[in-house]
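These are my notebook entries on a protein model.

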Amino acid sequence: MSDLIQLEKRGHIAILTINNPPANTWTAASLRALMATINDLNDDANIFALVVTGQGEKFFSAGADLKAFADGDKANAGDMGRLFGEAFSTLQAFRGVSIAAVNGYAMGGGLECAMACDIRIAETQAQMALPEAGVGLLPCAGGTQNLPWLVGEGWAKRMILCGERVTAEKALQIGLVEEVVPTGKALEKALELAEGACRQSPSAVARCKRLVMSARDARSHVDGWRMERELFVELFDTEDQREGVNAFLEKRAPEWKNR
């Protein structure tokens, strides 16, 4: 793993810290490390939730280092665009619950990283933007797709086309984040939510997440309901289903096996 990505495990929770000061920018090495880390966590049956945050007190992540694009090299741009897309797509597909603890500026690829998570908690001083068009670029790692889903077309256009930066409070108002907390408290709140996720059946959570994400597809409600029923029945092939029901009936806490 690259030193640019730090990983800590606390019980069933993994904490991933973007560690490239001063602005926690993404590089080819850190994007590859992110993918490798998520794939390893997917294979770790003991991990149910993931919290992503930035090192330090000012930046969650400022996105890409623009020096990487200064020479106008088209092949390099293609490679970096592919890496950004694959890395954040891998994060978005993490089988458990992912929570972004936005502890400062989340700009460009930094905001795209946060949007690839299931839930976003922002500290009061945080600011968010997708400023790529202002430097002749565009968001290439899910920004143009995830932002309008979260905040609607109008605010997505304000942020992407007009370069509007939003505060944490405005992000809360428009649905970009789920909660705003005082400075220094995002990780604590994210861990609290992660603990709640860990009390759920990981087998059920993985399927629920798949169903929620499928609502973004151009499918009919009838297809979505059919998929719900199919995955509901599929859970009866898992140990977690039997453990969950029997633990409830026996009035004890379940012991999830993630299988």
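The entries below follow the order in which I looked things up.

**Entry 1. The kind of model**

I noted before anything else that this is a predicted model.

I began with strand 2, which covers residues 13-18. Is strand 2 enclosed by the rest of the structure, or open? I found that 6 of its 6 residues are buried, so strand 2 is largely enclosed by the rest of the structure. I then looked up the directions of the side chains. Ile13, Ile15 and Thr17 point one way from the strand, while Ala14, Leu16 and Ile18 point the other way. The residues on both sides are buried.

Next I looked up the partners of this strand. Strands of a sheet pair through backbone hydrogen bonds, in either a parallel or an antiparallel sense. Strand 1 (residues 5-10) is joined to strand 2 by 6 bridges, and the two run antiparallel. As one example, Gln6 has Thr17 in strand 2 as its bridge partner. Strand 1 and strand 2 form a hairpin with 2 residues between the strands, and Gly11 takes a positive phi near 65° there.

Strand 3 (residues 49-54) is also joined to strand 2 by 6 bridges, but these two strands run parallel. Here Leu16 stands opposite Val52 in strand 3. I also recorded that strand 2, helix 1 (residues 28-43) and strand 3 make up a β-α-β unit, which is right-handed.

**Entry 2. Strand 7 and its neighbours**

I turned to strand 7, residues 119-123. Of its 5 residues, 4 are buried, so this strand too is largely enclosed by the rest of the structure. With strand 5 (residues 97-102) it pairs in the parallel sense over 4 bridges. In this pairing Ile99 stands opposite Ile119 in strand 7. Strand 10 (residues 179-181) is joined to strand 7 by 3 bridges, and these two strands also run parallel. Glu123 has Val181 in strand 10 as its bridge partner.

In what order do the strands of the open sheet lie? I read the order 4-6-8-9 for its 4 strands, and the pairing is mixed. Strand 4 and strand 9 (166-167) are the edge strands, since each pairs on one side only. Strand 8 (residues 127-129) pairs with strand 9 in the antiparallel sense over 2 bridges. Within that pair, Met128 has Val166 in strand 9 as its bridge partner.

**Entry 3. Cysteines**

A disulfide is a covalent bond between the sulfur atoms of two cysteines. How many disulfides does the structure hold? I counted 0 disulfides. Cys113 is in no disulfide, and the nearest cysteine sulfur, that of Cys117, is 5.4 Å away. The cut-off for a disulfide is a pair of cysteine sulfur atoms within 2.5 Å. Cys113 has a relative accessibility of 0%, so it counts as buried.

For Cys198, the closest cysteine sulfur is also in Cys117, but it is 15 Å away, which is too far for a bond. Cys198 counts as buried because its relative accessibility is 9%.

**Entry 4. Salt bridges**

I recorded a count of 12 salt bridges and looked up some of them. Glu8 forms a salt bridge with Arg10, and their closest N and O atoms are 2.8 Å apart. Glu8, at 36% relative accessibility, counts as partly exposed, and so does Arg10, at 41%.

Glu153 forms a salt bridge with Lys157, with 2.5 Å between the closest N and O atoms. Both lie in helix 5 (residues 153-161), 4 residues apart, which is about one turn of the helix. Is Glu153 exposed or buried? At 53% relative accessibility, Glu153 counts as exposed, whereas Lys157, at 41%, counts as partly exposed.

I also found that the side chains of Lys185 and Glu188 meet in a salt bridge of 3.5 Å, N to O. Lys185 counts as partly exposed, at 38% relative accessibility.

**Entry 5. A nonpolar patch**

Which residues form a nonpolar patch on the surface? I listed Leu66, Val135 and Leu137, which together have about 250 Å² of accessible area. Leu66 lies in the loop between strand 4 (59-61) and helix 2 (74-92). Its relative accessibility is 45%, so Leu66 counts as partly exposed.

Definitions and conventions
Residues numbered from 1 in each chain as written. Predicted model: local features only at pLDDT ≥ 70, side-chain atom pairs only at ≥ 80, totals over all residues. Heavy atoms only, no water. Patch = residues over 30% accessible without salt bridge, like charges linked within 9 Å, V, L, I, M, F, W, Y side chains within 5 Å. Areas by Shrake-Rupley, 256 points an atom, 1.4 Å probe, with all protein chains shown as cover. Salt bridge = Lys/Arg side-chain N within 4 Å of Asp/Glu carboxyl O. Buried < 20%, exposed > 50% of the residue type's maximum accessible area, 1.4 Å probe, protein only. Pairing = 2+ DSSP bridges. Right-handed = clockwise from strand over helix to strand, strands pointing away.
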